[in-house]
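Biologist: I have not seen this one before. Can you walk me through it?
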Amino acid sequence: MDADQHIMVSAYADDSGKTVVVAINYQAQEQQLKLKGIGTAKTYRSYSTTATPDDNLKAQPVQKIKDDSVSLPPRSITTLVIDGTN
């Protein structure tokens with residue numbers, strides 16, 4: 001792994017306006033992921049897998065997108081489901 005590689009991201013969109021983003025945070029601290037191309041979307045739901053087994057893939061409450069970015073937990077794989085991105 002390259003030393004400058006902090007986050008890996010993959011995103012998928014469908015015709016209904018839903019976007020799913022999968023982000024891997026390799027760092028031992030929380031990282032901010034800047035979202036671009038999400039149109040007028042204001043909220044998202046997230047599911048994370050971390051070193052804490054009780055939290056794995058547990059749906060988090062719907063959250064607001066602030067400053068076009070979201071927080072990724074340390075050393076995690078996070079799936080974001082963003083509605084209304086058309």
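Modeller: One term to start with: accessible areas here come from the Shrake-Rupley method with a 1.4 Å probe. The protein chain exposes about 5,700 Å², and carbon and sulfur atoms supply 50% of that area. Keep in mind that this is a predicted model.

Biologist: What radius of gyration does the protein chain have, and what would a compact globule have?
Modeller: The chain has 13 Å. A compact globule of 86 residues would have a radius near 12 Å, so the two agree. Along its principal axes, the C-alpha trace spans about 35 × 30 × 20 Å.

Biologist: How much of the chain is buried?
Modeller: Buried residues make up 27% of the 86 residues.

Biologist: And what share of the contacts comes from residues 24 or more positions apart?
Modeller: Counting contacts with a separation of 6 or more, 64% are between residues 24 or more positions apart.

Biologist: Switching to pockets. What volume does the largest pocket have?
Modeller: Its volume is about 170 Å³.

Biologist: Which strands supply at least two residues each to its lining?
Modeller: Those are β4 (43-49), β7 (69-72) and β8 (76-82). The largest share, three residues, comes from β4.

Biologist: How do the lining residues divide into nonpolar, polar and charged?
Modeller: Seven are polar, four are nonpolar and one is charged. Among the lining residues are Tyr44, Ser46, Asp55, Gln60, Pro73 and Leu80.

Biologist: Take serine 46. Is it buried or exposed?
Modeller: Serine 46 is buried, because its relative accessible area is 7% and buried means under 20%. This residue lies in strand β4.

Biologist: What does serine 46 touch, leaving out residues up to four places away in sequence?
Modeller: Serine 46 touches Lys58, Ala59, Gln60, Gln63, Thr78, Thr79 and Leu80. Of these, Gln60, Gln63, Thr78 and Leu80 also line the largest pocket.

Biologist: Now threonine 49. Where does it lie?
Modeller: Threonine 49 lies in strand β4 too. With a relative accessible area of 28%, threonine 49 is partly exposed.

Notes: Residues numbered from 1 in each chain as written. Predicted model: local features only at pLDDT ≥ 70, side-chain atom pairs only at ≥ 80, totals over all residues. Heavy atoms only, no water. 1 Å grid on protein atoms, 1.4 Å probe; cavity = no way out; pocket = protein on both sides within 12 Å on 5 of 7 lines; lining within 4 Å. Points joined across faces, edges and corners; volume = space filled by probe spheres on them. Helix = DSSP H or I, 4+ residues; strand = E, 2+ residues; numbered from the N terminus. Nonpolar A, V, L, I, M, F, W, Y, C, P; charged D, E, K, R; others polar. Buried < 20%, exposed > 50% of the residue type's maximum accessible area, 1.4 Å probe, protein only. Contact = heavy atoms within 4.5 Å. Rg over C-alpha atoms; globule rule 2.2 N^0.38 Å.
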